[in-house]
Every structure is written in structure tokens, then in C-alpha cells.
Protein chains: 2
Amino acid sequence: MLTLYDYLDSGNGYKCRLILALLNTPYTRVELDLDKGETRTPQFLARNPNGRIPALELEDGTVLPESNAILYYLADGTAYLPTERLARAQVMQWLFFEQYSHEPYVATPRWIIRHLGRDHPRMTEMPERLEKGRAAFAVMEQHLQRHDYFVGQRYSIADIALYAYTHRAHEGDHDLSPWPALRAWLDRVATQPGHIKMLPGD
Amino acid sequence: MLTLYDYLDSGNGYKCRLILALLNTPYTRVELDLDKGETRTPQFLARNPNGRIPALELEDGTVLPESNAILYYLADGTAYLPTERLARAQVMQWLFFEQYSHEPYVATPRWIIRHLGRDHPRMTEMPERLEKGRAAFAVMEQHLQRHDYFVGQRYSIADIALYAYTHRAHEGDHDLSPWPALRAWLDRVATQPGHIKMLPGD
């Protein structure tokens with residue numbers, strides 16, 4: 001049985017829960033509270049020296065960190081990762097876009113507000129992060145004006161990776177109203193067969 | 001013929017030049033000077049809406065951005081990307097580690113010093129960036145104490161991606177002397193058959 005080291009409020013954790021649900025793969029979920037430092041214990045650091053969730057423990061004890069690498073591993077050989085060389089590389093393109101141009105400017109503002117609070121000094125980072133987040137949304141919008149999904153006109157892990165924090169962007173003070181194609185894509189993802197929501201209260 | 005939109009002083013560009021050299025693949029290189037805004041012209045934005053180099057233009061006109069996606073595309077089907085499922089996912093793990101935990105704390109300090117200058121206001125970011133860079137080097141060192149390369153005991157695009165900025169880290173005020181296994185790995189990469197240096201003056 002697979003074990004997912006996870007934290008419910010993490011969009012990166014949700015990426016893994018979502019692909020596992022879509023694939024109907026059984027797994028054990030271990031909740032580690034980031035705010036309480038539970039990913040920095042000696043026990044967890046022995047499993048994942050990077051001290052981050054999510055991390056997927058395979059049946060042989062191998063621990064695979066990095067949410068997008070976990071998506072890649074779980075989707076390999078399924079309909080959620082294309083087999084054609086260029087299409088696979090384009091999935092990678094969007095996964096790296098998500099990590100580099102999207103995550104720090106969409107996920108981090110949400111983290112600052114929800115986990116540090118609006119009176120935290122890091123709120124001074126918000127204007128620049130929100131501006132760069134809007135640039136990332138503009139790139140996504142431009143693509144989605146001409147495509148239903150990010151790669152090959154079908155739902156793939158590129159969509160899953162980008163959906164995770166985009167659908168919570170409002171919790172980081174982002175306003176998605178300027179991006180109609182992006183909002184239509186959020187609806188397409190949320191109505192996929194087998195889709196699950198991120199948090200119990202959603 | 002492939003076309004690489006590139007900038008000589010970019011480690012991300014160098015990743016692509018290095019794999020192309022190792023594979024002995026002919027290509028046309030187009031230099032775009034980031035400092036002069038040459039990646040933000042309407043002509044280039046029409047090719048890559050993200051406005052960043054490197055970007056690889058294929059023979060059919062498709063443009064693939066994101067250095068690590070370009071590495072993946074070029075290495076697919078070669079000895080530089082394993083075929084086994086878990087090993088491929090572990091290559092992804094290190095590519096995402098590079099983008100998320102390494103690039104902003106190793107590449108960006110170098111960028112600030114070399115392209116903005118030591119009197120630029122962004123120098124105030126340096127202490128935090130250098131600290132987080134040291135945390136990334138510690139993760140790399142721990143792995144390299146027990147392995148010659150990042151995945152499967154052989155040179156792969158995981159090594160290429162991590163080498164690009166690590167071997168210039170000193171130009172961003174990083175000191176690699178605390179990491180002997182990491183320095184030995186830098187030497188192993190630099191002595192691979194077909195290796196090329198990043199800059200003409202190196």
C-alpha cells in the first residue's frame with residue numbers, strides 16, 4: 001500500500017490526493033501539520049531529507065518527494081500522462097511553469113494570509129507576488145482561450161498541477177474575474193468524473 | 001534544424017547547450033540579451049508568451065519553453081533519461097527540487113550581483129537567499145555522500161540541471177567549501193566526455 005505524507009491545506013498535497021482519487025488507487029494518508037513543525041522531526045527528515053510534504057512512500061520503502069514528481073510517477077502509464085514525446089515534454093513545460101512562475105505567486109500569497117496572518121511582516125511581499133501571479137494567469141488565459149486543457153486537448157497532470165492552487169487563488173487575495181477562459185477551465189476540471197474537492201468543508 | 005533562443009550568461013540556457021553538445025545535436029543558437037529586454041519584444045512573445053529564455057523551437061515551429069522541459073524532451077530516448085518508471089520519477093524529483101529549492105537561492109543571488117550590481121536594493125534579499133541556498137546544498141551533499149550521481153548511479157539530466165547554477169554558485173557569494181561530496185560531483189560532471197563549459201572565457 002502507498003503512503004502519502006500530506007497536509008490537508010496544502011495544494012501540493014491535494015494534487016496527489018486528486019490523482020490518487022482519479023486513478024482509484026488505495027493509499028494510507030499521514031497528516032503532518034506544517035504549522036506545528038511536524039515535517040521537521042528527525043523521523044520525517046530520515047524519510048525525506050528535504051523536510052517537505054507531500055512525499056509518497058512506495059511499497060519498497062522508497063520515498064518520492066516533490067508534488068509534480070509524484071504526479072508524474074502516479075500518472076505514468078495512465079491516460080493522465082500522454083505517451084507521445086512532444087506532448088510529454090509539454091506536460092513537463094506546464095509542470096515547471098507551475099513550480100517557477102505560478103506557485104510562488106499564487107500559493108505563497110494564500111499561505112501568507114491563511115497561515116501567517118494579515119498582520120505578519122511578510123504581507124509587504126504581497127503586491128509584487130500578486131503582480132507576478134497576474135502575469136502567470138495571463139499566460140494561462142492566453143493558452144486556454146484556444147485550448148480546453150493545457151496539453152493535447154485532454155485532461156492531464158498539467159491541469160491537475162495548475163488547478164490545485166489556481167482554484168484557491170482568491171484565498172490569497174487574487175481576483176480571477178479578468179480571466180474568463182481560466183474560470184471556464186476551472187469548471188471543466190471540477191466536473192471531471194471522479195473529481196474530489198480539496199478540503200472537507202468545500 | 002532546432003533553434004535555441006538563449007542567453008550566454010544564463011545557467012538555464014547552458015543546461016540546453018550542454019545536453020545538445022553531449023548528444024552532438026546540431027542547432028541554431030539565437031542570443032537574446034535579457035538585460036536589454038530582448039525576450040520581451042512582440043516577435044519573441046509571439047513565440048513564447050512567457051517571455052523567457054531558453055526556448056527551443058522545433059522543426060515544425062513548435063516552441064518549447066522551460067529549461068528542464070527542454071532537457072526532458074532532448075534526453076527522452078537517450079542514456080541521459082532512464083527508462084525505468086521510478087528512476088524517471090526520481091529524475092523529475094531532482095528537476096523540481098532544482099526549480100523550487102535551488103534556482104531562487106543559487107541562481108538569483110548570482111543574477112542580482114552580476115546583472116543588478118552590489119549597490120542594488122535587491123541586495124537586501126541576499127542573506128535569506130544564501131541561507132536557503134545552503135539548505136539546498138545540504139540536501140544535495142547528503143545525497144552525494146552516498147551516490148556518485150543524482151539518479152541510478154549514472155549521469156542524467158538531473159545532474160545537468162543541478163550542475164548549471166551550482167558550478168557558478170560562487171559568483172552569487174555562495175561558498176561551496178563546506179560540501180566536499182558536492183565539489184567532487186562537480187568535478188565528475190565537468191570531466192564527462194563531450195562536456196562543454198558555460199562561457200567562452202571559462
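Trainee: How can chain A be laid on chain B?

Mentor: By a turn of 180° and a shift of 0.0 Å along the axis, and the RMSD is then 0.0 Å. That is how a two-fold axis relates things. The copies are superposed by least squares on the C-alpha atoms of residues with pLDDT of at least 70 in both.

Trainee: What kind of model is this, and how do the numbers work?

Mentor: This is a predicted model, where local features need pLDDT of at least 70 and side-chain atom pairs count only at pLDDT 80 or more, while totals for chains, interfaces and linings use all residues. Residues are numbered from 1 along each chain as its sequence is written, chains are lettered from A and ligands numbered from 1 in the order in which they are written, and side-chain values use heavy atoms, leaving out hydrogens and water.

Trainee: Through which surface do the copies meet?

Mentor: Through the same one, because 100% of chain A's interface residues are also interface residues in chain B. There's an arginine to look at too: the charged end of A:Arg85 sits over the ring of B:Tyr73, 4.0 Å from the ring centre. For that label, NZ of Lys or CZ of Arg must be within 6 Å of the ring centre and within 35 degrees of the ring normal.

Trainee: And what lies over the face of B:Tyr149?

Mentor: B:Arg188, at 5.8 Å from the ring centre.

Trainee: Okay, rings. How many aromatic pairs are there over all chains?

Mentor: A search of the whole structure gives 19. One of them joins A:Tyr14 and A:Tyr163, with 6.3 Å centre to centre and 45° between the planes, so it is tilted. Rings of Phe, Tyr and Trp (its six-membered ring) pair if their centres lie within 6.5 Å; planes under 30 degrees apart are stacked, over 60 edge-to-face, and the rest tilted.

Trainee: Are A:Tyr14 and A:Tyr163 buried or exposed?

Mentor: Both are buried. Buried means under 20% relative accessible area, exposed over 50%, and partly exposed in between (1.4 Å probe, protein chains only). A:Tyr14 and A:Tyr163 also belong to one aromatic cluster with A:Trp94, A:Phe97, A:Phe150 and A:Trp185.

Trainee: What do B:Tyr14 and B:Tyr163 form?

Mentor: A tilted aromatic pair, 6.3 Å centre to centre with 45° between the planes. B:Tyr14 is in helix H1 of chain B and B:Tyr163 in helix H6 of chain B, so the pair ties together parts 149 residues apart in sequence. Both B:Tyr14 and B:Tyr163 are buried.

Trainee: How many residues of H6(B) are buried?

Mentor: Ten of its ten, so H6(B) counts as mostly covered. What covers those residues includes H1, H3, helix H4 (85-116), H5 and helix H7 (180-190) of chain B.

Trainee: Where's B:Asn48, and what does its side chain reach?

Mentor: B:Asn48 sits in the loop between helix H2 (42-47) and strand S3 (55-57) of chain B. Its side chain reaches the backbone oxygen of B:Arg52 at 2.8 Å. That's a polar contact: a pair of N or O atoms within 3.5 Å, where within protein one must be able to donate a hydrogen and the other to accept it, and residues adjacent in sequence count only if both atoms are side-chain atoms. B:Asn48 is buried at 3% relative accessibility. Leaving aside residues up to four places away in sequence, B:Asn48 touches B:Ala55, B:Val63 and B:Pro65, where contact means heavy atoms within 4.5 Å.

Trainee: What about the peptide bond joining B:Ile53 and B:Pro54?

Mentor: That bond is cis, with omega about 0°. In chain A, the bond from A:Ile53 to A:Pro54 is cis too, with omega near 0°. Most peptide bonds are trans, and most residues other than glycine have a negative phi.

Trainee: So what's the phi of B:Glu66?

Mentor: Near 75°, which is positive. B:Glu66 lies in the loop between strand S4 (63-65) and helix H3 (67-75) of chain B, and is buried at 11% relative accessibility. B:Gln153 has a positive phi near 55°, but is partly exposed at 45%.

Technical notes
Helix = DSSP H or I, 4+ residues; strand = E, 2+ residues; numbered from the N terminus.
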